[in-house]
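User: I would like a close look at a single part of this model. Please keep the account plain and give the cut-offs for the terms you use.

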Amino acid sequence: MTDTIYVLNGPNLNLLGMREPEIYGSDTLDDIAGMLEDRGRELGLAIDMRQSNHEGHLIDWMHEAQARDAKAILLNSGAYTHTSLALYDCIRSIRTPVIEVHISNPHAREEYRRHSYVGMAAKGTIAGFGALSYVLALEAAARL
């Protein structure tokens, strides 16, 4: 097993910092990457952070994480969380543990956001702590 943590981000997360800051805060994906790289260094972990608006890319990257024997995957699949059986099947099909991450708390939002296909397959979920959710997920991954 390598000491690499894949951090995969789904649709519209490239707009963090601009998109609905009252919900998602002002941190950009680059800001979050910086936080993760700093904490990763302290934990002896390498961070491989990526974002795509395409579901298939997320699946390909999860397959890659397994092939490269990554320690874990942190996955913020955005809206695909609530709709993607393909992500559910992928997570169930790989050995690499997946931790679901959300900036906001989906359970405190619209009813449709309260169901998570990703969460049904993931090792665990961390949500509702803003950008800190990613750092908390990284700390959890370090302990796996």
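Which residue stands opposite Glu100 in β4? Please go on from there to the surroundings of that strand.

Analyst: Leu75 is the residue that stands opposite Glu100. The model is predicted, so local features need pLDDT of at least 70 and side-chain atom pairs count only at pLDDT 80 or more, while totals for chains, interfaces and linings use all residues. Residues are numbered from 1 along each chain as its sequence is written, and side-chain values use heavy atoms, with hydrogens and water left out.

Strands β3 and β4 run parallel and are joined by three bridges; two strands pair if DSSP finds at least two bridges between them. Helices (H or I, at least four residues) and strands (E, at least two) are DSSP runs, numbered from the N terminus.

Strand β4 is mostly covered, with five of its five residues buried. Buried means under 20% relative accessible area, exposed over 50%, and partly exposed in between (1.4 Å probe, protein chains only). In a regular strand the side chains alternate between the two faces of the sheet. In β4, Val98, Glu100 and His102 are buried on one side, and Ile99 and Val101 are buried on the other.

Asn76 belongs to strand β3 (residues 72-76). It is buried, at a relative accessible area of 3%. Leaving aside neighbours within four places in sequence, its contacts (heavy atoms within 4.5 Å) include Val101, His102, Ile103 and Tyr134.

Ile103 lies in the loop between β4 (98-102) and α5 (117-121). Its relative accessible area is 5%, so Ile103 is buried. Not counting residues up to four places away in sequence, Ile103 touches Asn76, Phe129, Ser133 and Tyr134, among others. UniProt, in an unreviewed entry, places the feature "binding site" at positions including Asn76 and Ile103. UniProt positions are in the numbering used here, feature names are shortened, and annotations may be inferred rather than shown by experiment.

Helix α6 also packs against this region. Among its buried residues are Ser133, Tyr134 and Val135, and the buried residues of α6 pack against elements including β3, β4 and β5 (124-127). Leu136 lies in α6 (residues 132-142), but this residue is partly exposed, with a relative accessible area of 32%. Together with Phe129 and Leu132, Leu136 forms a nonpolar patch on the surface with about 270 Å² of accessible area.

Notes
Patches are made of residues with over 30% relative accessible area and no salt bridge: like charges are joined within 9 Å, nonpolar side chains (Val, Leu, Ile, Met, Phe, Trp, Tyr) within 5 Å. Accessible areas come from the Shrake-Rupley method with a 1.4 Å probe; for residues, only the protein chains shown count as cover. A salt bridge is a side-chain nitrogen of Lys or Arg within 4 Å of a carboxyl oxygen of Asp or Glu.
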